[in-house]
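Dear colleague,

Please find the sequence and structure below. My notes on what was found in the model follow directly after.

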Amino acid sequence: MRDTHPKNHSHYGLENHGLSNLNDIYWNLNTPKLYEQIVKRGEGILAHLGPIVVRTGHHTGRSANDKFIVKEPGSEEHIWWGKINRPISPEQFDELHKRMDLHLQTQDVYVQDCFAGATSDHRLPIRVITQYAWHNLFARNMFIQATPKELANHVPEFTVIDAPRFHASPALDGTNSETFIILNFAKRLVLIGGTSYAGEIKKSIFSVMNYLLPHKGVLPMHCSANINPKGETALFFGLSGTGKTTLSADASKVLIGDDEHGWDDQGIFNFEGGCYAKLINLSPEAEPEIYETTRRFGTILENVAIDAVTRRVDLFNKTYTENTRGSYPISHVANATRDGKGGHPKYVIFLSADAFGVLPPVAKLTHAQAMYHFLSGYTAKVAGTERGVTEPSPNFSTCYGAPFMPLHPQRYAELLGQKLHTHQAQAWLINTGWTGGPYGVGERMKIKYTRAMVNAVLDGILENAAFEKEPFFGLEVPKECPGVPTEILNTRNTWANPADYDAQAAKLAGMFAENFKKFADKASPEVIAAGPHS
């Protein structure tokens with residue numbers, strides 16, 4: 001075993017994580033050195049202007065059915081066990097850990113010592129140990145880098161060991177497949193195997209933060225955040241494809257972060273030091289800030305098509321997946337804050353891509369409605385995205401991030417309600433989905449209209465607007481909004497046959513009510529009453 005950079009790492013060695021007999025250990029390599037390793041090892045290729053293009057194999061997204069939490073006495077009573085938080089025994093974890101050690105023996109590994117959390121009060125020292133050099137660059141991009149002085153004394157409080165070429169045996173290990181992502185809160189260790197999708201690394205630490213912070217009265221959130229010219233912070237909650245990254249990346253605003261944040265007594269803080277944006281169909285006209293990052297040294301382009309001769313990438317090509325991704329340090333965004341912090345939010349926006357064509361494009365929420373929609377976490381899948389799907393289907397992901405929420409959703413909702421009330425934040429619902437009918441009949445809301453509505457919210461223009469109440473969901477919809485045609489604000493009026501809209505709205509309202517039954521035993525009567533009436 002040889003430490004390749006003995007002056008660039010902590011004295012807290014890898015034997016503390018159950019690893020032994022390794023070959024070369026590459027400690028905290030910077031971006032150019034990791035580029036050299038990636039190219040030399042054939043893990044990726046350089047693209048025009050400097051980004052590195054990699055492939056993730058057959059896993060081009062998260063493996064939701066392969067995530068487990070060790071069921072052990074210290075955390076067992078706090079976990080919301082079920083389909084999302086699946087239990088695995090300490091013995092099964094230990095056996096996998098032991099075999100992973102054997103698998104890595106005599107191999108090179110890469111280590112990044114870094115932090116999650118931009119505030120010193122709540123930041124978590126972490127270590128990411130990877131089998132691939134490009135996964136180590138991903139960790140360097142996505143987490144908050146330690147200073148040379150901090151590296152010398154770095155002792156991780158949570159560690160990720162990522163070995164894509166090591167596979168589980170479902171019959172032996174109790175996993176659902178050869179792929180696994182396992183969190184052990186007792187040992188403060190995450191094991192990842194059988195998948196090369198780098199997003200598993202960042203989301204595993206997000207899950208850790210979602211477990212630890214509520215016990216300190218801090219709300220962890222799956223949201224983006226920015227600051228307007230008046231110094232007011234806004235949050236954007238939303239599932240993948242709803243515009244969370246796109247709408248927060250605005251040249252007129254200061255970006256705090258695009259995906260993971262905490263809300264404590266001082267305000268908002270980013271968990272990360274980078275962004276992980278969806279790139280499919282990205283254009284310089286609609287999303288110039290994100291587009292520019294795809295042309296920068298240090299950016300990782302996952303599963304993006306590239307011309308082998310010219311080395312130019314094609315962001316519209318879906319050959320490998322629609323979930324093409326770009327990982328880049330937040331410093332690649334010119335208008336991003338470097339300290340990762342903002343004040344208490346004045347605006348909290350929930351984004352939904354409603355493929356049923358029912359929800360209004362913009363609506364003001366009461367705090368009770370905000371908690372209801374937060375617990376629901378609604379967007380929709382469109383027809384044709386999965387085999388056998390011939391009409392839109394609802395996608396309810398509680399807290400807009402169910403796969404990463406170890407605690408009962410009500411715990412997060414209560415924290416949200418408390419903070420909305422204490423800091424008198426305004427809550428809004430923005431539908432980035434369909435208007436004039438459902439998917440296949442209507443059309444997707446134009447991004448220029450969505451941006452105009454978001455700007456009208458963040459500039460305070462809609463605070464004193466005239467509103468009308470939408471009857472199915474009880475939402476307050478503005479009658480006018482600058483830069484937006486008045487006729488599209490009332491969704492019912494955009495349908496050719498209003499009776500068809502009424503039937504579709506009643507159908508969607510019923511889906512909301514059915515989904516919310518799982519929370520009804522803990523939600524307050526006020527929050528339950530804030531839901532739609534089918």
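D66 is buried yet has no salt bridge, and the nearest side chain of opposite charge, R86, lies 7.4 Å away. Here, buried means under 20% relative accessible area, exposed over 50%, and partly exposed in between (1.4 Å probe, protein chains only). A salt bridge is a side-chain nitrogen of Lys or Arg within 4 Å of a carboxyl oxygen of Asp or Glu. For charge, Lys and Arg count as positive and Asp and Glu as negative, while His and the chain ends are not counted.

Please note that this is a predicted model, in which local features need pLDDT of at least 70, side-chain atom pairs count only at pLDDT 80 or more, and totals for chains, interfaces and linings use all residues. Residues are numbered from 1 along each chain as its sequence is written, and side-chain values use heavy atoms, with hydrogens and water left out.

D66 is located in the loop between β4 (52–54) and β5 (67–70); helices (H or I, at least four residues) and strands (E, at least two) are DSSP runs, numbered from the N terminus. Setting aside neighbours within four places in sequence, D66 is in contact (heavy atoms within 4.5 Å) with N176, S177, T179, F180 and I181.

E72 belongs to the loop between β5 and β6 (86–88) and, at 7% relative accessibility, also counts as buried. Not counting residues up to four places away in sequence, E72 touches P90, N184, F185 and A186.

**Salt bridges**

The count comes to 24 salt bridges. One of them joins R41 to D108, with the closest N and O atoms 3.7 Å apart. R41 lies in the loop between α1 (31–40) and β3 (44–46) and D108 in the loop between α2 (90–104) and β7 (109–116), so the pair ties together parts that are 67 residues apart in sequence. R41 is partly exposed, with a relative accessible area of 30%, whereas D108 counts as buried at 17%.

K244 forms a salt bridge with D259, the closest N and O atoms being 2.6 Å apart. Both K244 and D259 are buried. Salt bridges that share partners join K202, K203, K244, D259, E260 and E272 into one network.

**Helix α3**

In helix α3 (residues 133–142), 10 of the 10 residues are buried, so the helix is largely enclosed by the rest of the structure. Among them are W134, F138 and R140.

Yours sincerely
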